[in-house]
Amino acid sequence: MIYLHDLAPNEGAKTRKRRVGRGIGGKGGKTAGRGTKGQGARDTIPVGFEGGQLPLTQRIPKLRGFDNPFRVSYTVVNLDQLAVLSERGITTISPEVLEATGVIRKGALVKVCARGAVRGAALTVSAHGFSKSARELIESAGGSVSEISLPYKLGRRPSLGNALMNR
């Protein structure tokens, strides 16, 4: 029977690493394993040098596009998600209620979209945005819609720090 601790490579299969550049007396000394003369024997080749070809760091594109500091990104909540909440007995839906039930993250802006249908009781929904068809479906089911104004529409611009001041 062969055991794991008995396993070993064949004789001569593993050899010690060559210690080059240790002087003329040592095995493989003098040229330190770089051959004789030429560019490769010297230490003047920069890292990433490709023999005169345009280096990879210069070939790849840089700084494409930009991040719009005024972008408003919403967390989308669909009507089928609101229908699940109405089945639980929640008829007044706001970002605070959605946050408490784990539908959205804290402080997220909410936009209601029209995937699914409103079933059961009439819903009172307040959110930061609504798609046109979602607004129509909620109101046609006997519910009401109220849109929460965004912070910067109240006269305050979003905080940009020094991003625009240093231009």
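The legends below describe close-up views of a predicted model. Local features need pLDDT of at least 70 and side-chain atom pairs count only at pLDDT 80 or more, while totals for chains, interfaces and linings use all residues. Residues are numbered from 1 along each chain as its sequence is written, and side-chain values use heavy atoms, with hydrogens and water left out.

View 1. Strand 1 is joined to strand 3 by 5 bridges, and Val76 stands opposite Lys111 in strand 3. Helices (H or I, at least four residues) and strands (E, at least two) are DSSP runs, numbered from the N terminus.

**View 2. The buried residues of helix 2 (residues 79-87).** Leu79, Leu82, Ala83, Leu85 and Ser86 are buried (under 20% relative accessible area; exposed is over 50% and partly exposed in between, with a 1.4 Å probe and protein chains only). They lie on the same side of helix 2, because they cover an arc of only 160° around the axis, taken from the directions from the helix axis to the C-beta atoms. Their packing partners include helix 3 (95-100), strand 4 (124-127) and helix 4 (132-140). Just after helix 2, Gly89 has a positive phi of about 100°.

**View 3. Ser131 in the loop between strand 5 (129-130) and helix 4.** Ser131 is buried, at 16% relative accessible area. Beyond neighbours within four places in sequence, Ser131 is in contact (heavy atoms within 4.5 Å) with Lys111, Val112, Cys113 and Ala114.

**View 4. Salt bridges of the model, 3 by count.** A salt bridge is a side-chain nitrogen of Lys or Arg within 4 Å of a carboxyl oxygen of Asp or Glu. Asp80 and Arg115 meet at 3.0 Å, N to O; Asp80 is in helix 2 and Arg115 in the loop between strand 3 and strand 4, 35 residues apart. Glu147 and Arg135 meet at 2.8 Å. Glu147 lies in strand 6 (residues 144-147) and Arg135 in helix 4, so this pair ties together parts 12 residues apart in sequence. Arg59 pairs with Glu50, with the closest N and O atoms 3.1 Å apart.

Technical notes:
Two strands pair if DSSP finds at least two bridges between them.
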